[in-house]
Each structure stands twice: as structure tokens, then as C-alpha cells.
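Please look through the sequence and the model first.

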Amino acid sequence: MHWLAEVHVALRSGIADPEGQTIGSALRSLGYATVAEVRSGKLMRIAFEADDHAAAEAAVTEMCLRLLANPVLETASWDLRADEQQDAEEALP
Amino acid sequence: MTLVTRHPRVAVAVFPGTWSERDFAHVARTVLGWEASLLWHTETDLGGPDAVVLPGGFAHGDHLRTGAVARFSPIMRAVEAFAGAGGPVIGSCNGFQILTEAGMLPGALMRNDHLEFRCDWQALRVERPSAAEAWLGDFADGDVIRLPISHGEGRYVADSVTLDELERNGRVVLRYADADGQVTADANPNGSERGIAGIVNAGGNVLGLMPHPERAAEPEVGGVDGLRLFRSLERWLQARPAAAERRL
């Protein structure tokens with residue numbers, strides 16, 4: 001089965017985010033005066049194959065632990081869904 | 001006892017995007033008369049060096065995070081084994097970032113707080129060096145040295161428990177300072193926690209630092225303080241009988 005994982009990597013709370021602060025002040029200077037805080041992060045869309053949902057979930061967990069997020073600084077969360085379109089395309093004769 | 005007079009031999013790791021390997025090799029070979037070998041990151045055998053250098057640059061494009069991909073290069077297994085056996089390792093700039101990503105040193109290095117790349121001479125205060133530390137034995141506590149920095153992601157970050165532990169054990173060895181050796185916010189070029197510019201592992205044989213000692217090894221380039229790290233290493237190697245035997 002094909003799967004799509006959308007992995008969000010965010011800085012842990014308390015870790016200074018000068019990029020987010022700069023974006024925040026840019027928004028305020030554009031007139032969005034109510035912007036209180038911006039935290040920047042990363043979004044990664046990963047297309048991969050796994051036998052079932054449990055195996056896919058385990059694979060994403062491992063990817064995050066080993067490479068995608070640095071636990072010293074970051075947390076990772078993700079949305080995982082079956083890529084039915086890709087499965088259907090491969091099922092075509 | 002037979003005195004071994006062979007010159008130190010350093011292995012310099014080269015990743016795709018590394019840029020300081022030739023400067024390290026130049027200092028080792030031309031300035032000091034040592035031997036230096038440049039090893040591509042796919043190597044799994046270091047060739048029995050006396051010390052290993054992880055130089056600065058942008059290994060694997062610094063994609064994802066600095067050092068995040070480099071830590072999985074095959075050569076890093078050999079570097080970890082070498083360091084684990086007590087071998088001296090220095091990681092400068094990108095090399096420091098790789099050492100933290102590999103878990104060989106604690107903490108992490110993040111984007112400078114002002115978001116700019118900073119390339120300048122920087123005063124540093126040396127703290128609590130001991131003869132047991134491979135790269136710093138020639139320094140005295142409180143020495144102020146000048147080394148170039150050249151980085152966009154040098155802000156040292158760790159949780160307060162880790163920072164306290166590093167300080168308690170004398171593992172913070174270099175801090176950004178002003179010319180008088182005062183560690184102030186103004187002297188901090190990147191927002192590093194507690195002004196930290198360099199740390200060592202618990203054994204004292206692995207040093208990570210953001211500054212570039214290899215760029216301060218000849219008067220022509222503006223300073224020679226970087227040479228003192230190499231001299232420290234040379235004396236440390238001479239004082240270590242096991243290493244001397246291995247070099248026979």
C-alpha cells in the first residue's frame with residue numbers, strides 16, 4: 001500500500017526562534033497589528049509504501065526519531081493517510 | 001624509553017560541501033610539517049591517524065539541519081570508534097555541528113539570533129583547560145585568544161540541565177568574549193547560550209568549536225592563536241605512551 005505522511009517539525013517551546021520573530025515583525029509592519037507570535041517550522045510530505053497502517057505509522061515514527069527532527073530542539077507530529085490514488089493507478093492493467 | 005620522533009598524522013574528513021579541509025591540511029603539512037590525509041566521507045578506514053579533523057563547510061548542503069545528513073556518512077562510524085577509544089577529534093564550525101548531530105557532543109547549533117552570516121575575527125576566553133584535554137593543554141585558564149568565525153548557524157543551544165552539567169564539569173572550554181576576556185552579550189556573535197563557543201566531551205579528547213583555528217596559523221593571515229591548539233595536541237600525543245607505541 002502507498003501512504004502519504006505530512007510531517008510537521010516544530011521547535012520546542014522555549015527554544016528561541018529568530019526566524020519566526022522576524023516573520024512576526026514583518027507581518028506587524030504590514031499592518032497586522034494583532035499578530036502576537038510566529039513560530040517557524042518545517043513541513044515534509046513523504047510518499048512511501050508499507051504493508052498496513054501500523055507498519056506505516058511505525059516507519060514514520062522511526063524516520064522522525066532518526067533523521068527528521070533533532071530531539072534536542074524539535075518535536076515532530078504527522079498526519080498519515082493511505083494514498084488511494086497511487087494504489088488505484090498501480091492497480092490498472 | 002625510546003622517544004618517538006615521527007610527526008603527528010591527522011586524518012581530515014571531507015564531505016560533499018566541506019570547504020576547510022585544505023586549510024587544515026595546509027597548516028598540518030606546510031606550517032607544522034605534519035602528515036595529513038584527506039579522506040572522502042565514504043571511507044570506512046581512517047588509516048591509523050593520531051587525530052581526526054572534521055572541518056568546516058556545508059556537508060551535504062546542510063540540508064534539513066546542519067550536520068544532520070553528514071552524521072550518517074560511512075566515515076562517521078570510524079570517527080565514532082576512534083573517539084570512543086580515546087582518540088583526539090576536533091570538529092570546527094560545520095564539524096562541531098556534525099559532532100552534535102552525531103550525539104558525540106551534547107546540544108545543537110541553530111541559526112544565529114540575528115539571522116546573518118557572520119565572518120569576522122572574534123575574541124574568545126579559554127576556560128579551565130587541563131592537560132588531559134587533547135586540544136587545549138597549552139592554554140591557561142582565562143587566556144584570551146583571537147580566531148576567525150565564519151558561520152550562519154552557530155548559536156549553541158542545550159537545555160539548562162545540560163548547560164549546568166557542562167559548566168560544572170569544566171567542559172565549556174571556549175566562550176565568546178570581548179578583547180578583555182569579558183563574556184558579554186555584545187561580544188556574543190550569534191546568541192549562543194551562555195556565550196558558549198566550544199565544548200569538549202567527558203573524556204576531553206573530542207573538541208567542538210565554532211571558530212576556525214586553521215585560519216589563524218600564520219602571521220600573514222592576521223593571527224597565530226589557532227596554532228596553539230595544534231601544539232597542544234602534539235604535546236598531548238607525546239605525553240601519551242599508548243599513542244606513542246601505536247605510532248612505532
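## The model

The structure is a predicted model.

## Strands of chain B

E1(B) and E3(B) run parallel and are joined by 3 bridges, with Val12(B) standing opposite Val53(B). E3(B) also pairs with strand E4 of chain B (residues 89-92), again in the parallel sense and over 3 bridges. In that pairing, Leu54(B) stands opposite Gly91(B).

E3(B) is covered on both faces. Ala51(B) and Val53(B) are buried on one side, and Val52(B) and Leu54(B) are buried on the other. Together with helix H2 of chain B (residues 75-84), E3(B) and E4(B) make a right-handed β-α-β unit.

Helix H1 of chain B spans residues 21-31, and its buried residues are Glu21(B), Asp23(B), Phe24(B), Ala25(B), Val27(B) and Ala28(B). Just after the helix, Gly33(B) has a positive phi of about 75°.

Which residues have the most contacts inside the largest nonpolar core? They are Val12(B), Ala13(B) and Val53(B), in a core of 72 residues. Leaving aside residues up to four places away in sequence, Val12(B) touches several residues, including Glu21(B), Phe24(B) and Ala25(B) as well as Leu38(B), Val53(B) and Pro55(B).

Chain A has an open sheet of 3 strands in the order E2-E1-E3, with antiparallel pairing. Strands E2 (41-49) and E3 (74-82) of chain A stand at the edges with a single partner strand each, so one side of each has no neighbour in the sheet. On average, and ignoring direction, neighbouring strands of this sheet are turned by 20° against each other.

Strand E1 of chain A (residues 2-11) is joined to E3(A) by 9 bridges, and the two run antiparallel. Here Glu6(A) stands opposite Asp79(A).

## Where the chains meet

How many residues does each chain bring to the contact? Chain A gives 9 residues and chain B gives 12 residues. On the side of chain A that touches chain B, the largest share, 3 residues, comes from helix H1 of chain A (residues 18-29). The residues on this side of chain A divide into 6 nonpolar, 2 polar and 1 charged.

Methods:
Residues numbered from 1 in each chain as written. Chains lettered and ligands numbered in written order. Predicted model: local features only at pLDDT ≥ 70, side-chain atom pairs only at ≥ 80, totals over all residues. Buried ≥ 20, exposed ≤ 12 C-beta atoms within 10 Å, placed from the backbone. Helix = DSSP H or I, 4+ residues; strand = E, 2+ residues; numbered from the N terminus. Core = buried A, V, L, I, M, F, W, Y, C linked by C-beta atoms within 7 Å. Contact = placed C-beta atoms within 7 Å. Nonpolar A, V, L, I, M, F, W, Y, C, P; charged D, E, K, R; others polar. Pairing = 2+ DSSP bridges. Right-handed = clockwise from strand over helix to strand, strands pointing away. Axes fitted to C-alpha atoms, helices over the stretch in contact; angles between N-to-C directions.
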